[in-house]
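Subject: Structure handover

Hello,

Here is the structure I promised to pass on to you. Please open it alongside this email and have a look around before reading on.

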Protein chains: 2
Amino acid sequence: MPVPGPGYSITIRVEAPPSASAAGDLTSAVGRVGGVITAFDVVESHVDRVVFDITCNAMSANHAKDITDGLDALPGVRVRKVSDRTFLVHLGGKIEVTSKVALRNRDDLSRAYTPGVARICQAIAANPEDARRLTIKRNTVAVVTDGSAVLGLGNIGPAAALPVMEGKAALFKKFAGVDAWPVCLDTQDTEEIIRAVELIAPVYGGINLEDIAAPRCFEIEARLREKLDIPVFHDDQHGTAIVVVGALRNALRVVAKDITKCKVVVCGVGAAGSAIIRLLQHQNPGDILAVDIHGIVHPDRGDLDSNLEQIAASTNAERKAGTLHDALVGADVFIGVSAPNLFGAAQVATMNSDAIVFALANPDPEIDPVEAQQHRHRGHRPQRLPEPDQQRAGLAGCVPRPARRPRQHHHRRDAGVRGQRHRRRGGAGPAQRLVHRAELFSTTRCRRRWL
Amino acid sequence: MPVPGPGYSITIRVEAPPSASAAGDLTSAVGRVGGVITAFDVVESHVDRVVFDITCNAMSANHAKDITDGLDALPGVRVRKVSDRTFLVHLGGKIEVTSKVALRNRDDLSRAYTPGVARICQAIAANPEDARRLTIKRNTVAVVTDGSAVLGLGNIGPAAALPVMEGKAALFKKFAGVDAWPVCLDTQDTEEIIRAVELIAPVYGGINLEDIAAPRCFEIEARLREKLDIPVFHDDQHGTAIVVVGALRNALRVVAKDITKCKVVVCGVGAAGSAIIRLLQHQNPGDILAVDIHGIVHPDRGDLDSNLEQIAASTNAERKAGTLHDALVGADVFIGVSAPNLFGAAQVATMNSDAIVFALANPDPEIDPVEAQQHRHRGHRPQRLPEPDQQRAGLAGCVPRPARRPRQHHHRRDAGVRGQRHRRRGGAGPAQRLVHRAELFSTTRCRRRWL
C-alpha cells in the first residue's frame, strides 16, 4: 500500500475567507482525504480574503486531485493553482558544468585556454599518464545507460532515462565529491554500447553502468572490463550488493547475531540478487536460500540457467524445495530485490527471533512496512531500508581508482567499511573516503528509520 | 617573434640578502634577460634573508631557464622553487559537474531521485519534447573532438586534446551561460565519429565540433546535420567566420569605410578561410581575393579542388593572379588564417589607406604586430586580434536553439549582432543574448588592443 511521500509533494495556493477557523478548516480538509501537510504559509492577507500555500505529500495524481477537490468544496474557498514540487525541482535539469578556474581577464584566458593550454596538451601527448594529473579524468565518471531498465519503469529509452542519470550525477558529487556525467546512449545493441563507451572513455576515470537490462548488462560489463584501462562498475549489481551487505552487517550487530550462524533468504535472483548472494558468500553466512519466481533455487529444479546453476551449487545446503513462504520459516534475514507484496505479517511470524527484513523491491516493497512492524513487540525486529531505496544509489565502489578494474575484494572491502561505522576514519585514501561518506549517509538513514 | 605572454607565466621563489637594493637587483636581473614581471611579493622577512615570489611572463622553457639562471647568478641569491602558473591552473582539470538542486534531506532526495524522478521519466517517455523542459538538454552542448587537429599542434589524439575541450567548456559557461561537456573520441574514423555523436546525442541540445582535421570535418558536420534533430556547428569554420566578420564590421565603422567598396584579402582557404569567405559574401564586399599556399585563387589555376573551384568562381572579379604580396596591393582588409610571417611592413605600406589587418594564424601571426604597427602614423590602421586568438573560441552561434540546425542566415545574424555593438539589447532571446555577450567580450578585447 503506497503512503503519501515527498516524491509526490504538491503546493496548493488557495483563497479562503478571512475567518479565524480558516487554517483549521483547510488543513482538516487535506487530512480527511489522507494528504500529509508538510508546510502551511500565509501568502497574502486582505480584508476580504486570505491566500495560503498548503504544501502536502500525496500518493498519486488521483490522490492529489482528491486533495484539491476537497479544498475547493469548502465554502468560500477557491484553489488558485497547484504546483507539483517534483516537477519544479526538475525544470532545466539538475546538474550544471562549472569552471573551477578563474576567467576574469586576458591573463587567465591565456593560461586556461590558448596559448598556455597548448603546453598542457603537449605534456599529455608526451606522457599520457599526465592526463590524470592535468585534466578532469582523475575525478570523472561516466554514468552510462541505454534506458532499457530504468528504475521499475522498464524500457523507456535514453531520453526518458536522463532525469535518473542526472540525479545519480548529483548524488555522486554531493556524497562522494566525484564529477559524474550522464551518457544516455541512443542504442540498445550490445556491440554498439560497448563500442560507444570505448570511444568516449578518454575523458573518464571510471565507467558506471546504470539501468541496462539483463542479461545484456553482464556481457557489457565483462567486455568493457577487458577492453578498458579504467574501472567498470555495474551499479545495479555491485552497488546494490555493497550497500545491502554493509547494512546487514550493521543490522546483525544491533541484534547481536553472528552471520555465520544466520540463515539468509534472498528473494529475486536477477542482476542485483545474484551480486548480493556472491558478495554475501564472502561473509560465510550459515546458509543462503535463493528464491526466484518459481520458488527456492535448488540443483534439481531443472529450469536453471547457468547463473542459477552456479547459485544453486553454492547455496541451499539442505537442498530445500518450496515457496518463498517455506523459505522464510526459521530464517534470520530476508533480503528482497524482487516484486511487491509477496508476504505478510504471518510469514514474518515464522521467521527466527530478531529477524531482519530488507524489503527493497522498487518502488513497492515485498512486504508492507506496516505489516512488517506488527512483530516488532514480539521479539522480532523487522527492518527495511526506507523506500524509495536510495541506499543502493551507486555511492559505493565506483571510484576512479588507479586500479585497472574494481575486483570482488574491493567490493568486499567497501561492504566491510560500510558495516563498521566510522572506526577506520583516519588516513583513508580517496576510495576509502568515498565509502566512508556513503556509509555515513547509509547509517544516518538507517538509524532514522530504525523500527 | 614570440613575446613574453601570460601563457608562459612562472612564479620564482628566491632568497636574497636583506639589503635595500634587493628588490631592484632582482627585478633588474629579470628584465635584463627579457622577462616581464607581473607581480612581486615579499613572502618571508628574516634578519639574514628575505624571500620573494617573483611572477613574470616568459617566452619559452629556455627563456624561463635564462630568467632563473640570471637570478641565481646574483651574489647571495638562491632560487628555491619555480612554479609554472599554467600547469598550476590545470591541476585536476578545469571544469566540474555540480548539482543545481538541494540534496539536504530525505525529502530533497525523494524529489530529485527516486521515487519522484520516476514521474519525470514517465512524462518524458509520454512526451519526448518535455526533455527540453525537464532535463539539462536545453542548455547543454557537446564539445566533440577526435584530437586530430588540436590548436596548431596537429594530431595529438583525444586524451591530449582534453585540456582544450575543458577550456572551451569553461568559456561556454563563463561567456554564454551554456553548459558544455568535453567528448574526446578515441577514433579518427569518419563513420565511427558520426555514429558515436548520434549515440550520445539524447543528452545534448547542440553539437559543437572542434579541432577535427579537414576534410573529414566537412563530411562529419554535413552528415550529422542531416541525421540529428539538434544544431551541429563546426567551431573552426563557423565560429571563426562569425567572429571575424563581426569584428570586421566594427573595424570598418571605425575607419568609416563601406564594405561594398572594400577589397578584402583572405589568406588561407581551409576550413576557417572558406567559411569566412562564404559568410563575408553576404555582406557584398567590393571584392575578395582568396590566397592559398600557391598564390591568389583564380579559375584558371588548374590545381583547384571542388571547394577552391567554388571560391574561385565567386571571388576575384578581376581574375588576378600572383602572390599574397601582389594581392595586398591596394587592399583595404587583410584576414589571415594561414601561416606565420608571410609579410611585413613593406607590404602593409602597399595597402590602401586606413588598412585593416587581422593576422590570426595560431599561435604565430602572418605579420609581427610590431611590424604591422609601423604604418600606424602614416594613415594606416593595421589591426589584429590579440594573439592568442581567443576571439574565435566558439562563443558565437552554437546555442541549443529549437531550430533543427544553425543555418547560414543565423551565422549572418550573429555576425551582424556582433558588428552592432549593443544597439539591440532589449528583448533578446537566449541566442541573441549569447551573441551579445560574446560580442561584448569581443569589442572589449578589440578596444583594448586598438592600435
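Predicted model: local features only at pLDDT ≥ 70, side-chain atom pairs only at ≥ 80, totals over all residues.

Residues are numbered from 1 along each chain as its sequence is written, chains are lettered from A and ligands numbered from 1 in the order in which they are written, and side-chain values use heavy atoms, with hydrogens and water left out.

**Chain A overall**

Chain A has 17 helices and 14 strands; both are DSSP runs numbered from the N terminus, helices being H or I with at least four residues and strands E with at least two. Of its 451 residues, 59% count as buried (under 20% relative accessible area; exposed is over 50% and partly exposed in between, with a 1.4 Å probe and protein chains only). Among contacts in chain A (heavy atoms within 4.5 Å) between residues at least 6 apart in sequence, 69% join residues at least 24 apart.

**A helix pair in chain A**

Helix H10 (residues 235-254) and helix H11 (residues 271-281) of chain A have axes that come within 8 Å and cross at roughly 50°. That makes H10(A) oblique to H11(A). For the wording: angles under 35 degrees count as roughly parallel, over 145 as roughly antiparallel, 65 to 115 as roughly perpendicular and the rest as oblique. Axes are lines fitted to C-alpha atoms, for helices over the stretch in contact, and angles run from 0 to 180 degrees between N-to-C directions.

On the H10(A) side, the residues making the contact include A:Asp236, A:His238, A:Val244 and A:Leu248, and on the H11(A) side they include A:Ala272, A:Ile276 and A:Leu280. By type, the residues of this contact divide into eleven nonpolar, three polar and one charged (Ala, Val, Leu, Ile, Met, Phe, Trp, Tyr, Cys and Pro count as nonpolar, Asp, Glu, Lys and Arg as charged, and the others, Gly among them, as polar).

**Individual residues in chain A**

A:Asp108 sits in helix H4 (residues 106-112) of chain A. Is A:Asp108 buried or exposed? A:Asp108 is buried, with a relative accessible area of 7%. Leaving aside neighbours within four places in sequence, A:Asp108 is in contact with A:Ala102 and A:Leu103.

A:Asp211 is not a glycine, yet has a positive phi of about 55°. A:Asp211 lies in the loop between strand E8 (206-209) and helix H9 (216-227) of chain A and is buried, at 5% relative accessible area. A:Asp354, also not a glycine, has a positive phi of about 55°. The loop between helix H14 (345-350) and strand E14 (356-359) of chain A holds A:Asp354, which is partly exposed at 22% relative accessibility.

**Cis peptide bonds**

In chain A, a cis peptide bond joins A:Thr114 and A:Pro115, with omega about 0°. A:Pro115 is in the loop between H4 and helix H5 (116-126) of chain A. In chain B, B:Thr114 and B:Pro115 are joined by a cis peptide bond, again with omega about 0°.

**The sheet in chain B**

Five strands of chain B form an open sheet of mixed pairing, in the order E12-E11-E10-E13-E14; strands pair if DSSP finds at least two bridges between them. Strand E12 (295-296) and strand E14 (356-359) of chain B are the edge strands, each pairing on one side only. Strand E13 (residues 333-336) of chain B runs parallel to E14(B), joined by four bridges. B:Phe334 has B:Val357 in E14(B) as its bridge partner. Helix H10 (residues 235-254) of chain B lies across E13 and E14 of chain B, at about 155° to E14(B).

Best wishes
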